[in-house]
Amino acid sequence: MAPPGKTGLRWSPWNLLLVVPLLWLITPVFNRTGPELFGMPFYYWFQFLGIAVGVLCTSIVYVKTKDKPTTSAPGEPLDVDDLDEGAR
Amino acid sequence: MNELQWPELVIFALLFGLVTVLGFAAAKWRAGGTLDHLDEWGLGGRKFGSWITWFLIGGDLYTAYTFVAVPALMFSAGAMGFFALPYTVVVYPLVFMPLLRMWSVSRTHGYVTPADFVRGRYGSPTLALLIAITGIVATMPYIALQLVGLEAVLRTLGFNGAGIVGHLPLLIAFIILAVYTYQSGLRAPALIAFVKDILIYVVIVVAVIYLPIKLGGWTEIFGAADAKFEASPAKGDGTLLNGNNQLQYATLALGSALALFLYPHSLTGVLASRGRNVIKRNMSALPAYSLLLGLLALLGYMAIAAGTKPLVNQATGRPDTNTIVPNLFDQMFPSWFAGIAFAAIGIGALVPAAIMSIAAANLWTRNVYKEYVNKGATPAQEAKQAKLASLVVKFGAVAFILFIDPQFSIDLQLIGGVMILQTLPAVAIALYTRWFHVRGLVAGWVAGMAWGMWLLYTIPSADGSRAHFGGSALVLDKLSLFGWHPFAGSTMTIYVGFVSLIANLVVAVLVTVLARRLRWPNGLDKTSPADYHADEGDKKLRAIGAH
């Protein structure tokens, strides 16, 4: 990741992945009945597919642009994701 | 009054009792030193981790009204109602980066509301006031709509009386909600959200497996929907979009996505989280609710296949399509399970209503009360003021439903979406650049707001029953720039919010250029570039709940 410049903006090419889900705004791509999936017209299942693509994009950007922590509280593991987190 | 549905009612009452206990107990849940500070009452101590944030924001954004209204729209209009899906597909990638900056700068400076940020970024109380008022006005009808969702359930349970008696159960439910929100602040909806979301997931998963089997499969369901729209005289409906509503579909989805995190209650959920990684993880985890919403939307078609009829609301005397989903459950499920489903929707109304009233109260306190009424207010006075304001906001919403036609809230919510979009340049773009001049932002807000309201006023409803505020789909042919019709003859429709946002941006740019030429002063920026990257654990972060 590039160090913050004068503007304070940090840029990573991975961020461009966040543009991909905008494809789901282009209605002519999916405004059709076939091919059907389990009896569901294309229009419907393709838009459901968009959810998975969105999750994939945000997850990749998260993993690839993880900031190194500036400081960490002593003794606290950083990736704890249990319900106790935040209690300090 | 109709026959009361006893088994459903008992289960509903038990679950409602459970969340009431939780709501009051929440005050002590991982409590900080004091509740007399907005960091604590209004933001739950700014320390929610990934799971709590997921339940809280999920419970906040996917409201009871959504659960009732989206399937109802599918039931009556078809494919157009599915816009909720692309809307929730694009929203998280879009807001991923800006939300991180908003969290960091707010955590560094102790901002509680979006208007606080604008105040710090531009040093302009006037601009901050505009943002705060827009937020409050846009949120109020949204709270009222939660009541519409709750009432749809209560009426299906048998409380379908006329006049004030018909509204009594709703009033009782809301008084209870108001009292525990007053006492526990944001911790109450955060804790209740666990119950709400788990119930909703169970109900929807069961519904989308059980109902299609009972109704003969998806082919059957889509076939029934197709047949219904073929037979209906209305032109805009169908199981696919047509040439006229595709642009509306896309711009409505995009406009709603841009608007979602400008709503003060969405930001409240974000600012209450512990750090940047919590937000990043949630951008990938929150779409689980979108899947839920999409499946829920299809319940509208299942209702068509099952031959469900909307209940006639005895307070207004009209059939209420919002009762479609509750009625479908009532008709297809054993009564104990219908009771769980109703409780899920009912409790689903309480969580967002609580968060919205807290967000509106925070705006009032920070950007009106502290700015104009009591400049020297201590944190304890702020917390007191916000608690009182949350009561006023909630009873204002109840009054909306009791004394004014619920249709009015639905209209206002439509207007609210267009309004909140007008804060995009001052709130979202300002996170990245201070290029816009403060006077440009004010001028843009005025232009976007005025034009948006005017356009909404001119739109008649699709069935021709009302001449004004009939929807958000503007026919391009009617679009006029000082008498010039750039798209004369076009029958395509577009989302009004999108059009007015463009007007807002154009005016903001023009006035900014002018202001720079004339060297007007542009306020003082209290934030520094590094503030936008601060994270949990940084040494220089403000202490939470400090003065």
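Over which residues of chain A does pLDDT stay under 50? I begin there, since what follows concerns a predicted model. The stretch in question is residues 68-88 of chain A, for which the model has 23 contacts beyond four places in sequence. Where pLDDT is low, the predicted coordinates should not be read in detail.

Chain A has 88 residues, of which 20% count as buried. One helix is found in chain A, together with zero strands. Among the chain A contacts with a separation of 6 or more, 45% are between residues 24 or more positions apart.

I turn now to the contact between the two chains. Chain A contributes 40 residues to this contact, and chain B contributes 45 residues. On the side of chain A that touches chain B, we find 20 nonpolar, 16 polar and four charged residues.

Next, two helices of chain B. Helix H14 of chain B covers residues 287-305. Its 19 residues should span 27 Å at 1.5 Å a residue, and the end C-alpha atoms are 28 Å apart, which agrees. Of these 19 residues, 16 are buried, so H14(B) is largely enclosed by the rest of the structure. After H14(B) comes Gly307(B), with a positive phi near 70°.

Helix H17 of chain B runs over residues 379-403 and has 25 residues. From its first C-alpha to its last it reaches 36 Å, close to the 36 Å expected. The buried residues of H17(B) include Ala383(B), Val393(B), Phe400(B) and Ile401(B), but also Glu382(B), Lys387(B) and Lys394(B).

In soluble globular proteins, nonpolar side chains tend to be buried together. In this model, the largest nonpolar core has 200 residues. Helix H16 of chain B, residues 335-373, supplies the largest share of this core, with 21 residues. Which residues have the most contacts inside the core? They are Val118(B), Ile192(B), Ala297(B) and Ile347(B). To take one of them, Val118(B) is in contact with Leu127(B), Ala128(B), Ile131(B), Ala426(B), Val427(B) and Ala430(B), leaving aside its neighbours within four places in sequence.

Methods: Residues are numbered from 1 along each chain as its sequence is written. Chains are lettered from A and ligands numbered from 1 in the order in which they are written. This is a predicted model: local features need pLDDT of at least 70, side-chain atom pairs count only at pLDDT 80 or more; totals for chains, interfaces and linings use all residues. Helices (H or I, at least four residues) and strands (E, at least two) are DSSP runs, numbered from the N terminus. A residue is buried if 20 or more other C-beta atoms lie within 10 Å of its own, exposed if 12 or fewer, and partly exposed in between; C-beta atoms are placed from the backbone. Two residues are in contact if their C-beta atoms, placed from the backbone, lie within 7 Å. Ala, Val, Leu, Ile, Met, Phe, Trp, Tyr, Cys and Pro count as nonpolar, Asp, Glu, Lys and Arg as charged, and the others, Gly among them, as polar. The expected span of a helix is 1.5 Å times one less than its number of residues. A nonpolar core is a set of buried Ala, Val, Leu, Ile, Met, Phe, Trp, Tyr and Cys residues joined through C-beta atoms within 7 Å. pLDDT is the predictor's confidence in each residue, from 0 to 100.
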